Amino acid sequence: MRLLAESLALSLRERNALLLTAGYAPAYEQSPRDAASIEAAMTALRSILAGHLPYPAVVAGPRGELVLANAAFEVLTEGAAAHLLEPPVNVLRLALHPEGMGPRVANLAAWGRHITESLRARAAAHPDAGLDALVAELAGYLPAGAPPGPDHLGFAVPLRLRTAGGELRLLTTLTSFATAVDVTLAELHLEAFLPADPETAELLRRRAAARDATPPG
């Protein structure tokens with residue numbers, strides 16, 4: 001049964017469901033995110049987030065729910081409506097919502113399509129009614145049409161984000177636990193934002209310096 005699940009490239013959650021359907025016990029644990037059994041992995045993620053400063057990075061669940069973020073995450077929440085920042089925060093909704101990052105994204109159509117197409121591909125490979133509903137919601141926030149344009153770098157779609165200090169051009173990378181044997185860990189991914197030009201890097205360094213110089217409270 002496990003060989004069949006592996007050959008079908010099923011997620012750990014889907015493998016457990018298949019085993020249950022066949023009358024077997026689930027093979028993979030699904031630990032709470034604060035469980036001692038996965039604390040080492042969560043600590044490693046916190047270290048990666050801290051090490052990525054002064055650039056923003058987040059850890060999110062399978063439907064975009066925010067799990068962890070570093071201090072530079074504030075550049076993404078700048079000006080967002082309070083209801084979008086109340087737990088549980090959904091970083092995908094925040095990214096495209098007209099009361100979130102949406103109005104500040106200079107290339108919203110292209111960037112938004114990049115997000116929704118990625119989610120549609122994931123939903124096609126691993127059917128999830130909740131993810132389908134989220135894709136439909138996010139697509140409704142996007143303007144019509146998004147053909148590849150001159151702001152594409154050829155290998156990636158940069159996020160062009162307006163801020164109080166100037167426009168940022170950011171690339172993103174996704175990291176996951178490829179060898180995870182716990183459903184919770186397998187469904188987490190770390191999204192790290194990287195500067196696409198020296199100006200963006202400098203702007204983020206200045207924001208970090210100002211943030212560090214601001215007394216708490």
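Biologist: In which loop does Pro54 lie?

Modeller: This is a predicted model, and its residues are numbered from 1 along each chain as the sequence is written. Local features need pLDDT of at least 70, side-chain atom pairs count only at pLDDT 80 or more, totals for chains, interfaces and linings use all residues, and side-chain values use heavy atoms, with hydrogens and water left out. Helices (H or I, at least four residues) and strands (E, at least two) are DSSP runs numbered from the N terminus. On that basis, Pro54 sits in the loop between helix H3 (39-52) and strand S1 (57-60).

Biologist: What is omega for the peptide bond that joins Leu53 and Pro54?

Modeller: Most peptide bonds are trans. The bond that joins Leu53 and Pro54, however, is a cis peptide bond, with omega at about 15°.

Biologist: What pattern does the protein follow when read along the sequence?

Modeller: The protein has nine helices and five strands. Read along the sequence, they follow the pattern α-α-α-β-β-α-α-α-α-β-β-α-β-α.

Biologist: How does H6 run relative to helix H7, and in which hand do they cross, left-handed or right-handed?

Modeller: The axes, which are lines fitted to C-alpha atoms over the stretch in contact, with angles from 0 to 180 degrees between N-to-C directions, come within 10 Å for H6 and helix H7 (residues 129-139) and cross at roughly 160°. That makes H6 roughly antiparallel to H7, because angles over 145 degrees count as roughly antiparallel, under 35 as roughly parallel, 65 to 115 as roughly perpendicular and the rest as oblique. A crossing is left-handed if the near helix is turned anticlockwise from the far one by less than a right angle, and right-handed if clockwise. By that rule, H6 passes H7 in a crossing that is left-handed.

Biologist: How many nonpolar, polar and charged residues make up the contact of H6 with H7?

Modeller: Contact means heavy atoms within 4.5 Å, and by that criterion Ile115, Thr116, Leu119, Arg120, Arg122 and Ala123 in H6 meet Leu131, Asp132, Val135, Leu138 and Ala139 in H7. Ala, Val, Leu, Ile, Met, Phe, Trp, Tyr, Cys and Pro count as nonpolar, Asp, Glu, Lys and Arg as charged, and the others, Gly among them, as polar. By class, then, this contact has seven nonpolar, one polar and three charged residues.

Biologist: Why does Arg104 count as buried?

Modeller: Arg104 lies in the loop between helix H5 (91-96) and helix H6 (108-125). Buried means under 20% relative accessible area, exposed over 50%, and partly exposed in between, computed with a 1.4 Å probe on protein chains only. Arg104 is therefore buried, as its relative accessible area is 12%.

Biologist: Which residue has its backbone oxygen 3.2 Å from a polar atom of the side chain of Arg104?

Modeller: Leaving aside neighbours within four places in sequence, Arg104 is in contact with Val75, Leu76, Thr77, Glu78, Arg160, Leu161, Arg162 and Thr163. A polar contact is a pair of N or O atoms within 3.5 Å; within protein, one must be able to donate a hydrogen and the other to accept it, and residues adjacent in sequence count only if both atoms are side-chain atoms. The backbone oxygen that lies 3.2 Å from the polar side-chain atom of Arg104 belongs to Glu78.

Biologist: What is the relative accessible area of His97?

Modeller: His97 is found in the loop between H5 and H6. Apart from neighbours within four places in sequence, His97 is in contact with His83, Leu84, Gly102, Pro103 and Tyr141. His97 is buried, with a relative accessible area of 10%.

Biologist: How far apart are the C-alpha atoms of Thr200 and Gly166?

Modeller: Thr200 has its place in helix H9 (residues 198-213) and is buried, with a relative accessible area of 1%. Not counting residues up to four places away in sequence, Thr200 touches Glu167, Leu168, Arg169, Leu170 and Pro195. Thr200 and Gly166 are 34 residues apart in sequence, while their C-alpha atoms are separated by 8.6 Å.
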